[in-house]
Amino acid sequence: MKWIAPVAVYLAVGLGLFLFRNAWGALLGFHLAIILSLLIAKPNLPIKILFTSNSIKWTLVSILLCASSGVILYFFWDKLGVADGVSTHVEALGLNQSNWLVFIAYFTLSNPWIEEYFWRGYLGSTTTNFYISDFLYSGFHGLILMNKVPMDMLIYSMAILVVAGWFWRQIARENHGLLASVLGHMAADLTILLAVFLKV
């Protein structure tokens, strides 16, 4: 069951993006697939792990390093090869001036908690090597980035996301909890979405 859960997650994102062509549908379907998978699996992983961190140093490192991702995206937008028609893609997915900020707020405040518990908690590992969940975490982002960046940038982005998944797992391992990873993930989500919002 444990490794069937990512299939449901990929399916939910794929349906939302390619069949229904709706960002809200993809995001809510993604969250629903994760929550249902966790309810069925009943992992022996207390929710309080989301609020546990043994090191303020690692928490600050996580936040500052991850926040830089959106800053880099904003200032190097053209050099990173973001497709010219990304604003058209965004609008086609139902995001516009009236709901973009609500989407950013919901995404930033909910997504990191759900994802970290799922990818780094339930599907995570304490190994210091790369682990299958790092690649699965990266992979579903490929569905989101497809047709929005050139192929070389897509591959580069997915490689960075594998490293990000690994990094957040190592922070969780060092901290014996997920709070530093959650807050870093939150900083990344917020700055990246704001960069896209400001650019499109």
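Helix α7 gives the most to the lining of the largest pocket, nine residues. Helices here are DSSP runs of H or I with at least four residues, numbered from the N terminus. The model is predicted, so local features need pLDDT of at least 70 and side-chain atom pairs count only at pLDDT 80 or more, while totals for chains, interfaces and linings use all residues. Residues are numbered from 1 along each chain as its sequence is written, and side-chain values use heavy atoms, with hydrogens and water left out.

The largest pocket holds about 1500 Å³ of space. A pocket is an open set of points on a 1 Å grid over the protein atoms alone, where a 1.4 Å probe fits, with protein on both sides within 12 Å along at least five of seven lines; lining residues have an atom within 4 Å of a point. Its volume is the space filled by probe spheres set on the points, which are joined across faces, edges and corners. Of the 46 lining residues, Leu73, His141, Leu145, Leu161 and Ile192 are the closest to the centre of the largest pocket. By class, this lining has 37 nonpolar, six polar and three charged residues. Ala, Val, Leu, Ile, Met, Phe, Trp, Tyr, Cys and Pro count as nonpolar, Asp, Glu, Lys and Arg as charged, and the others, Gly among them, as polar.

The second largest pocket has a volume of about 200 Å³. Among the 13 residues that line it, Ile49, Arg120, Thr126, Ala172 and Arg173 are the closest to its centre. Here too the largest share of the lining comes from α7, with three residues.

Helix α7 also meets α8: Trp168, Ile171, Ala172 and Asn175 in α7 are in contact (heavy atoms within 4.5 Å) with Ala180, Ser181, Gly184 and His185 in α8. These residues divide into four nonpolar, four polar and no charged.

Trp168 belongs as well to a cluster linked by ring pairs, with Phe30, Phe118, Trp119, Tyr122, Tyr137 and Phe140. Rings of Phe, Tyr and Trp (its six-membered ring) pair if their centres lie within 6.5 Å; planes under 30 degrees apart count as stacked, over 60 as edge-to-face and the rest as tilted. Phe118 and Trp119 are edge-to-face, at 4.9 Å centre to centre and 75° between the planes. The centres of Tyr137 and Phe140 are 6.2 Å apart and their planes are at 70°, so this pair is edge-to-face. Both Tyr137 and Phe140 are buried, that is, under 20% relative accessible area with a 1.4 Å probe and protein chains only.

Terms used
Helix = DSSP H or I, 4+ residues; strand = E, 2+ residues; numbered from the N terminus. Buried < 20%, exposed > 50% of the residue type's maximum accessible area, 1.4 Å probe, protein only.
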